[in-house]
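The sequence and structure come first.

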Amino acid sequence: MDIYFPSGFPMCRGITGLSNNCLERAKRLKACVGGFLQRQDLSSLCKYRKPRLTLEECLMWKQSFEKLLSSKHGLYAFRAFLISEFSEENIAFYLACEDYKSTKSAAKMPSKAKRIYEEFIGSEAPREVNIDYETRDITRANLKSPTASCFDMAQYRIYILMEKDCHPRFLRSAAYRNLVNQLTVKSAKARSKKAIAARPPTEDEEPK
C-alpha cells in the first residue's frame with residue numbers, strides 16, 4: 001500500500017520501502033521546498049509579469065476553476081502551487097492534451113499521442129497522472145488509431161481532480177492569500193493616490 005502525502009499523490013513509486021526516518025525527511029523537504037516555490041513564484045506576479053496582475057483578476061479565480069485556467073496569471077500561479085505540492089504533472093498533462101487537440105496535421109498525431117502516453121499514462125511514465133485503470137485501458141486502446149479526442153476521457157478525469165481537489169487547496173493556500181493581501185494593499189494605495197490627485201486644492205495649497 002502506497003503512503004500518500006497531502007497533495008493526494010504518491011511521492012515516488014518505491015516509497016513504501018523507505019524507513020520512517022526517510023519518510024519524515026521527505027515530508028520536511030516537501031514543506032520547505034513547497035513554501036519556497038510558492039513565495040518566490042507568486043510574489044513575482046505582482047512585480048515582473050506584464051500586463052500586471054490586478055486584485056479584480058486575482059479574486060475572479062475564486063469564482064470557478066475555468067476562470068483560473070483562462071487567466072495567464074492564474075495558470076502561472078496555479079502551476080507554481082502544484083509544483084510546490086509535487087503534483088505539477090496534472091496541469092502539465094492537461095495542457096499537453098490541449099496542445100495535442102490543436103494539432104492540425106493528422107500525420108503528427110501518432111507520434112505526439114505516443115509521447116503524451118509515455119510521459120503521463122504508461123506504467124513507466126516519469127510523470128504519471130492519477131487515473132483509474134478503466135480510463136488508462138481505454139486511452140491505451142485509443143492510441144491504436146489516434147484522433148483528436150483519444151485523450152478526452154483521461155483529460156476530463158484530471159480536470160475534475162484539479163477542480164475538486166487542487167483548486168480549493170490552492171485558494172486556501174498561504175501563497176494565494178498572501179498574493180491577495182499584497183494586491184489589496186497596492187489597490188488601496190493606488191486609490192488613495194488617485195483621490196488625492198483629484199481633490200481640489202485648499203486655500204492653503206492654492207498658488208499665490
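Predicted model: local features only at pLDDT ≥ 70, side-chain atom pairs only at ≥ 80, totals over all residues.

Residues are numbered from 1 along each chain as its sequence is written, and side-chain values use heavy atoms, with hydrogens and water left out. The protein has nine helices and zero strands, where helices (H or I, at least four residues) and strands (E, at least two) are DSSP runs numbered from the N terminus.

**Overall make-up**

- Read from the N terminus, the order of elements is α-α-α-α-α-α-α-α-α.
- Of the 208 residues in the protein, 36% are buried; buried means under 20% relative accessible area, exposed means over 50%, and partly exposed lies in between (1.4 Å probe, protein chains only).
- Taking contacts between residues at least 6 apart in sequence, 61% join residues at least 24 apart; a contact means heavy atoms within 4.5 Å.

**Helix packing**

- Two packed helices are described by the angle between their axes and the distance between the axes.
- Axes here are lines fitted to C-alpha atoms, for helices over the stretch in contact, and angles run from 0 to 180 degrees between N-to-C directions.
- Helix α4 (residues 72-84) packs against helix α8 (residues 152-172) at an angle of about 90°, and their axes are 10 Å apart.
- That angle makes α4 roughly perpendicular to α8, given that angles under 35 degrees count as roughly parallel, over 145 as roughly antiparallel, 65 to 115 as roughly perpendicular and the rest as oblique.
- On the α4 side the contact involves Ala 77, Phe 78, Phe 81 and Leu 82, and on the α8 side Met 162, Cys 166, His 167, Arg 169 and Phe 170.
- By class, the residues of the contact of α4 with α8 are seven nonpolar, one polar and one charged; Ala, Val, Leu, Ile, Met, Phe, Trp, Tyr, Cys and Pro count as nonpolar, Asp, Glu, Lys and Arg as charged, and the others, Gly among them, as polar.
- The axes of α5 and α6 cross at roughly 170° and come within 11 Å, which makes α5 roughly antiparallel to α6.
- In this contact, α5 supplies Glu 89, Ala 92, Phe 93, Ala 96, Asp 99 and Tyr 100, while α6 supplies Met 109, Lys 112, Ala 113, Ile 116 and Phe 120.
- The residues of the contact of α5 with α6 comprise eight nonpolar, no polar and three charged.

**Salt bridges**

- The structure holds eleven salt bridges, each being a side-chain nitrogen of Lys or Arg within 4 Å of a carboxyl oxygen of Asp or Glu.
- Arg 127 pairs with Glu 88, with the closest N and O atoms 2.7 Å apart.
- Arg 127 is in the loop between α6 (109-120) and α7 (133-142) and Glu 88 is in the loop between α4 and α5 (89-101), so this pair ties together parts that are 39 residues apart in sequence.
- Arg 127 is partly exposed at 27% relative accessibility, whereas Glu 88 is buried at 15%.
- Arg 79, Glu 88, Glu 119 and Arg 127 are linked in a network of salt bridges.
- Lys 114 and Glu 118 form a salt bridge with closest N and O atoms 2.6 Å apart; both residues lie in helix α6, four residues apart, about one turn of the helix.
- Lys 114 is partly exposed at 47%, and Glu 118 is partly exposed at 41%.
- Asp 137 and Arg 140 meet in a salt bridge (2.6 Å, N to O), and they are three residues apart in helix α7, about one helical turn.

**Cysteines**

- A disulfide is a covalent bond between the sulfur atoms of two cysteines.
- The count of disulfides is zero, with a disulfide taken as a pair of cysteine sulfur atoms within 2.5 Å.
- The cysteine sulfur closest to that of Cys 97 is in Cys 150, at 8.1 Å, too far for a bond.
- Cys 97 is buried, with a relative accessible area of 1%, and Cys 150 is buried at 3%.
- Cys 166 lies in helix α8 and is buried, with a relative accessible area of 0%.
- Not counting residues up to four places away in sequence, Cys 166 touches Phe 78, Phe 81, Leu 82 and Leu 161.
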